[in-house]
Amino acid sequence: MKALERIVLRHLRPLVSPNMDPLQFAYQPSIGVDDAVIYLLQRSLSHLEDAGNTVRITFFDFSSAFNNTIHPSLLRVKLERAGASDQLAAWVTNYLTDRPQFVRLQDCVSDVVVCSTGAPQGTVLSPFLFTLYTSDFTYSTDSCHLQKFSDDTAIVGCVSEGNDCEYRKVIMDFVDWCELNHLQVNASKTKEMVIDFSRKPSADIAPAEHPGT
């Protein structure tokens, strides 16, 4: 099965790559976590070069990202929009639908459960399908951007003179998009970091409103 998935992935990747999120740093050739960290630091430090600026970063965490989030019907639409043929999109949809699963422990075998959401972990296609599933929310301007590493997402915003409207709007738009795409944000693990080099932090900066808080 993994050999077949590698063949499908080799055919699928060049078709949809032009429409993938350019700020997704995972599961791409010659790009890794070091690149994601360097990019985040470089953008943050460039914002702080101007006196009085503050950088705010919200790190989002998804609940059971691979297990429960991918809905095959939504993924099929995204595949076709990204450039995959109807036949290939139909094959991927079928691959993720009505999957029988069970657990074996020595001689004990659990009941079989049929699953039609998420992607099976440990397979070749699952990581790429997840990054494609989340590729249609992108954002990058001179003062704010969203970057991803697999299912880890960070929104980085520059706050100048206490104006954080753009940063807050990107957060709310992202949360709304997550709800539409059945991605559940884990509020307890979603954190915000504020970077301010001034001796007296601005009193105008209020915590961003996160889902569930």
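Predicted model: local features only at pLDDT ≥ 70, side-chain atom pairs only at ≥ 80, totals over all residues.
## Close-ups around helix H5

**View 1. A left-handed crossing joins H1 and H5.** H1 and H5 pack at an angle of about 135 degrees, and their axes lie 12 Å apart. That angle makes H1 oblique to H5. From H1, the contact draws on Leu 4, Glu 5, Val 8, His 11, Leu 12 and Leu 15, while H5 brings in Leu 88, Trp 91 and Tyr 95. Sorted by class, the residues joining H1 to H5 come out as 7 nonpolar, 1 polar and 1 charged.

**View 2. H5 has a buried face.** Now stay with H5, which covers residues 86–96. Which of its residues are buried? They are Leu 88, Ala 89, Val 92, Thr 93, Tyr 95 and Leu 96. Look down the axis of H5 and these buried residues fall within an arc of 160 degrees, so they line one face of the helix. The general rule behind such a pattern is that an α-helix has 3.6 residues a turn, so residues three or four places apart point the same way.

**View 3. The buried residues of H5 pack against helices and strands.** What do they pack against? The helices are H1 (2–16), H4 (72–82) and H6 (126–133). The strands are S2 (99–101) and S5 (113–115). Leu 88 and Tyr 95, both on the buried list for H5, also turn up in the contact with H1.

View 4. Asp 98 is found in the loop between H5 and S2. Its phi is about 55 degrees, a positive value even though Asp 98 is not a glycine. Is Asp 98 buried or exposed? With a relative accessible area of 52%, Asp 98 is exposed, the cut-off for that label being over 50%.

**View 5. Ser 30 is another non-glycine residue with a positive phi.** Here phi is near 65 degrees. Where does Ser 30 sit? Its place is in the loop between H1 and helix H2 (33–47). Ser 30 has 77% relative accessibility, so it counts as exposed.

Terms used
Residues numbered from 1 in each chain as written. Heavy atoms only, no water. Buried < 20%, exposed > 50% of the residue type's maximum accessible area, 1.4 Å probe, protein only. Helix = DSSP H or I, 4+ residues; strand = E, 2+ residues; numbered from the N terminus. Arc of directions from axis to C-beta. Contact = heavy atoms within 4.5 Å. Axes fitted to C-alpha atoms, helices over the stretch in contact; angles between N-to-C directions. Parallel < 35°, antiparallel > 145°, perpendicular 65-115°, else oblique. Left-handed = near helix turned anticlockwise from the far one by under 90°. Nonpolar A, V, L, I, M, F, W, Y, C, P; charged D, E, K, R; others polar.
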